[in-house]
Each structure stands twice: as structure tokens, then as C-alpha cells.
Amino acid sequence: MARTTGRVTLPSEGNFLEETKDIMKRWGADALRDSDGTKLPEEIKNLDAKIYTTYFVARGHNEFAKEHMEECQQLYLMSRRVTAAEEKVEIPFMEGYFDQQVTPDYVHDPKHWWEVMDRTSGEIVAPSSWEVNQRKHVVVVNNALPFHEYTVSFLVYAIWDPTQMYNHITNDWGDKPHEIPFDVRHPASGQFAREYLIQWLKDNPRTDVVRFTTFFYHFTLVFNDKAKEKFVDWFGYGATVSVKALEEFEKEYGYRLRPEDIVDNGYYNSTFRVPTRQYLDYMDFIQRFVARKAGELVKLVHEAGREAMMFLGDNWIGTEPYGKYFPEIGLDAVVGSVGGGATLRLISDIPGVKYTEGRFLPYFFPDTFYEGNDPCVEAKDNWLGARRALMRKPVDRIGYGGYLSLAYQFPAFVDYIEKVTEEFREIYDNINGSRPYCGLKVAVLNCWGQLRAWQAFMVAHALWYKQTYSYFGMLEALSGMGVDVIFLSFDDIREKGIPKDVDVIINAGAADTAFSGGREWLDEGIVTALRRFVWQGGGFVGIGEPSAAHFGGRFFQLADVLGVDEELGFSLSTDKYFSKEQEKHFLKEGREENFDFGEGVKNIYALSDETEIVEYSHGEVHASAHPYGKGRGIYLAGLPYSHENTRLLMRCLYYSVRKEGEMMRWFADNPLCEVHAYPETGKYAVINNSQESQSTLVYNGEGKASRICLDGCAIIWNTI
């Protein structure tokens, strides 16, 4: 097969010209980029490649920032909880925070902008009852109620960008200056951002692509006093707050946001929280502002004859690529980090841009590229996890980040990525923009809907408790499955109903989270719409604690559809007789391993003998099916990602709509293998998702089977 080139972006750095040329040739790279902490010298910029240059709008300009410290970005933070032992209590509100990252805002009157809460009663403490000791960073509460807990929600200035801080510490940058983030909502900062870009474009004529990293506001990332992460939410709007923003919000919306609307009992409106109307209003307010201001900068880039690319990370808040204001920015491209199939689809499915690019792992950083470690291990896992999703909807380009000089010291890694880049181009060229075969249309129902398509949590250290098992495992399984996937919010159903072309609805996650829905299930219109949908032939798959909201003697509000409910302890006096597991069932077929529900949800019981119990152990149901009119409800106690669980979910989808016979079109019986067909191009591919050789029966579009063998990680392309 002839060697191909292109569609690959390579990081480079100074004093690395010949090695860069070598890797460009081997990996077929046609674009070069800098990274945080590196710059491309002119000799590398003059190579035959498209040049990406990282551009920071609101950081990396310390000379300006130090002259306008009153325009630094801000956050609302909540102190630790302090229990009053007497009528006077002191709250050391900066305790536990990193004073090199944040500093209290004493410029604006704390009595007006801060809030002291009695967390035991839930009441606001009157400003007349507390004072601030600015020298000690302590709030003193007078007339406190003994043995009540108190907190203070306080404004700070952000004086160190958290991404640069992380890179600074990870890469031991020593005395390199801390980059101070400023807020373009303020007049001087907004003017500076525009004028600096105009001059920068003149000073960087060799830059072809301005890689905005990203625009204005960082996702919520706060460090503790040990310089370790304290709170991180990749979706968090905490760093968008400022006195000016709060004033403009009140003027536009007619009501004032409280500090509590932002700190949210210390949860900071994390993506797991069911959003309040106030928080949704604030998100919309920020998104409109960011789209307008970012659009002004992108227009300057276009007027200079360059392309504008956005990095989907760091300062990305307000630029949600599936949001209704994103098209107004006018970007040419989006690049993001690929952690697996779901994050690949998050990038590749973005509408309204000319091309998308995935930055694959590992980063070329010393925490991976050190003597004695094999970076190929992470690279192989990352590539195989993402490749399933590439087969459904590929990004247009791939690339890497970090220090190329580090990666170059590992020849086996260089050899492996050479194979990866070649295989990527083969996949892209064979798919050729065509739509893959989709047997069903599946809608994932949560509080966020399309705004956060393919997004659950986006940080490496997220705890693997039951909601992440249920929701992330489901997303990762769907990302490479032969089904069409959309995302619905509860508001979508209220406003427009369930789309007529949807076959199956999935609701997954822990009770009271935004993924399961929490209080949204108390809306009788939502419940009756879902019941009607299944009764008329649709499928409903619930994972974890679907439709969970305790009301009317039920915890699962769709218990009648699912045929199961969760015991909360209130009905222990009621006998439960239905526990017989079916020996044979469609959901069990083809399994070579025991079921794996992860931590799963406990105390699930069947409601009647109509419930088809697929797995029953430890006195509880973990997998079941239940007929409901023309459709079915399916229940799974958990779904950590695995190839076996991907196959289980696929069976659940088809069984829920009574189309079991149609599952065998473009199908591999070995769960470690998958088949992807492209009727428009007349091609199909069989892929081995494991690193070992596999044998599988492959069913074509007519359901006829033939056996093939594949080497580890192999792809076999055939003509339909």
C-alpha cells in the first residue's frame, strides 16, 4: 500500500530542526505547532508545513495585567464550614486555598458582595452581624447560634492562570513568571485584547492558524494550600464571575444573583448538579457575551487572511460548541484532547466548522516520557479506545502536544505513532465523508441535552462512583456503536416533545444528579410523555438510578415501565416475591464473561412476575427487561465501560424496541470486534479492538455470516 501524508499536526521547539524534519517525514505531518512553554523558531516555521501558533487572549500579558490588577478575573469561593461553640465565631476564609492563585477582593465592599450563611438553618446572616479582618483574612460573626455551622462566600481575584500553574509545577519551570488572567469584560482589558491581536497578527506573518487557547474564562480549577487541585469542574462557570458581570446581569435580567447561586452549598454548580433556573440564566448570559467578544477577535484573524482555531479546553467556558451561540463566533476549526471514544465524538460531531482535530495522548511531558517507562502503553490504549469512535465520525486531523525532543528519545514510540498516523489516514480516506450504517436512533436524556453532547466529566481524577460508571460507560459504549445518537434535555421534551424518529431513550446516572434528572421527574408531563413513547413502541433503557425522584410511593418514577424499583427502606415490611432469574434470555446470549455492573446500584427489586429478571444476585436485581405496551423497559444496575458491556448495551437497545432480529446486520459475534458499514461508498470494515488476534463471525447487511481472523488491533476493509 502506498504511503500517505497529511492530516497530522506535530509539536516542535527550538534547536530541533533536523529531528523535526525526520518526524514530519515519518509521521506524514503537514502542520507544526508550538506548545505551552515552547516557541517555534524561524527555521522551523520556514519548513513546508502549515504553522499553528498558540494564542492566549487573557493570559500571558503580565505587563498589562500588573497595571490593571483591578481587572483581574474573579471567582466566588466558599470557606470551610466552622461550627460556633459560642456567640462569636471566626471564619478563616482563605484557609485551604493557595494564596499564589487567589487573593481576596477588598476593592469591592464585602458587605455588599459577600455572603455569610448559617448552614444549619439555611439562612443568610445579616451583614450587620459580621465584620472582616482584612489583615488576617478572617470574618468574625457576632450573635452566632452555638453549634450552628457557618460559612462565608467571598470574592477573590485570580492572580495565576490555573493551566499555566499546573504546567509550571509539572514541568518545574522554576522562576518563570506566573501568568495573570484578566477579564475582557472590563474596558481596558477588552480594548487591550483587540489591539494586541491586531499587532500580533502583523508581527507573526508566518502563522497560518491562530490557535486560541481558548478565549476568556478558564473552567473552574481551584488549588489548595499545598498547590494541589482542590476543586475542578471542566464545565464550571466559577471563573466568569466579576462584580461588573453581576451588575450587568441584574440590569438585563431584572434580578440580582446571590453568591449562593454560584457557590451552591460548596458544590459550585458542578456538572452533576441539576441546574437551577438562576444558574441556567447566568450560563446563557455568559455564553452570549463570550460569543460576541470571541467573534470580534475571529473577525480580525480572518481579515488578516488567517484561520482561527479554538482549543476545546483551558479557557473554553462560554464557547460550548453545541450551544446555540457557538456559530456566531465564526471559527474555522476546533481542536481538543482525545481521552477515548466519547471525547473523540465530542470533537468530531461539532457542527459548523470547516474541520476538527483531535490531540491524542500521551502528552510529550516528563511525567510520561522518563527513563524506564514505556509511553507506547498509554498510546495504544488511547488509540484503540478512540478508533471505535473514529469509525463512526472521524475528526479531520490528529496531532500531539508537548516536547517533541522528549518523544524523540523513545524510538519504539516514534515507530508506533508512525503506524497510527498511517492508519488514521486510511480510515479517513475510506470513509470519505460518508454516513455509516445506523440500525437505530438513540436519544440520551439528561438535564443538559445537546448543549453537553458526549460530555460527562472531563478530568482524569474524577471519582469512579456509580454515576460515572453508569453515565460514562454508556457514552463510551455508544461512541463507536452502529447507532445514531442525539442528546435530549427535559426542556426539549417540554417544548417540542420526543422526536418522532427516535427509537430508544436512555436515562443513566445517580439519583438527584443532572444526568439522571432529579426533580425533573416530578413533572407529570415528562413522565406521561415517556410512558406514551414506550407504550407506542419505543424503548427505554435505564442505567443506575433512572427517573429517580421519591414521590407518590415510588423512587423510580418510571418503575411501571422498567418493572423494577429501588428499596429506600420505606417498604421493607412489604414482601417481595419476584426473584427468579431466567436461564436463557436475549440479553445473556453470546456472553463469555460474568456480568460486570461495577459498583452498581443496590436494593433493586422486581415489581411483578412480568419483569424478566436477567441477573439476580445478593438478593437484588441487576439486569432486567419489562414489556410495556408495544415497547419495553430495560434496567441495568451499572455499566462500566468494557467490550462485553458495549455488546450488552447494544442488545438492550434492540430488545427494548422488539427488533432483536435486526441486530445481526453488519455485526461481529465476537464482542472484541466490530463491523462498520458505509453504504454510500460501498465499503465496510471489520476491526479488532484488542491487542490480541481474534476470530469472529461477520454478518453482512443481509445477515449472512462468514468467519474471519484478525491480528491484534487490525482493520480489514472490504467492498459491500
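This is a predicted model: local features need pLDDT of at least 70, side-chain atom pairs count only at pLDDT 80 or more; totals for chains, interfaces and linings use all residues.
Residues are numbered from 1 along each chain as its sequence is written, and side-chain values use heavy atoms, with hydrogens and water left out.

Let me stay with β12, which covers residues 149-158. Strand β5 (residues 82-83) pairs with β12 in the antiparallel sense through two bridges, and there V82 has Y150 as its bridge partner. Strand β7 (residues 102-104) is likewise antiparallel to β12, with three bridges, and V102 stands opposite A158. Strand β8 (residues 115-118) is joined to β12 by four bridges, again antiparallel, with M117 partnered by T151.

How many of the 10 residues of β12 are buried? Nine of them are, so to speak, mostly covered, where buried means under 20% relative accessible area, exposed means over 50%, and partly exposed lies in between, with a 1.4 Å probe and protein chains only.

I turn now to an open sheet of three strands, in the order β31-β34-β35, with antiparallel pairing. Because β31 (667-668) and β35 (705-710) each have a single partner strand, they stand at the edges, and one side of each is left without a neighbour in the sheet. Strand β34 (residues 694-699) is joined to β35 by six bridges, and within that pairing L697 stands opposite R707.

Finally, the surface: E592, E593, D596 and D669 gather there in a patch of negative charge. Such a patch is made of residues with over 30% relative accessible area and no salt bridge, like charges being joined within 9 Å, and a salt bridge would be a side-chain nitrogen of Lys or Arg within 4 Å of a carboxyl oxygen of Asp or Glu. One of these residues, D596, sits in the loop between β26 (564-566) and β27 (604-606), and D596 is partly exposed, with a relative accessible area of 38%.

Methods
Patches are made of residues with over 30% relative accessible area and no salt bridge: like charges are joined within 9 Å, nonpolar side chains (Val, Leu, Ile, Met, Phe, Trp, Tyr) within 5 Å. Accessible areas come from the Shrake-Rupley method with a 1.4 Å probe; for residues, only the protein chains shown count as cover. Lys and Arg count as positive and Asp and Glu as negative; His and the chain ends are not counted. The place of a charge is taken as NZ of Lys, CZ of Arg, CG of Asp or CD of Glu. Two strands pair if DSSP finds at least two bridges between them.
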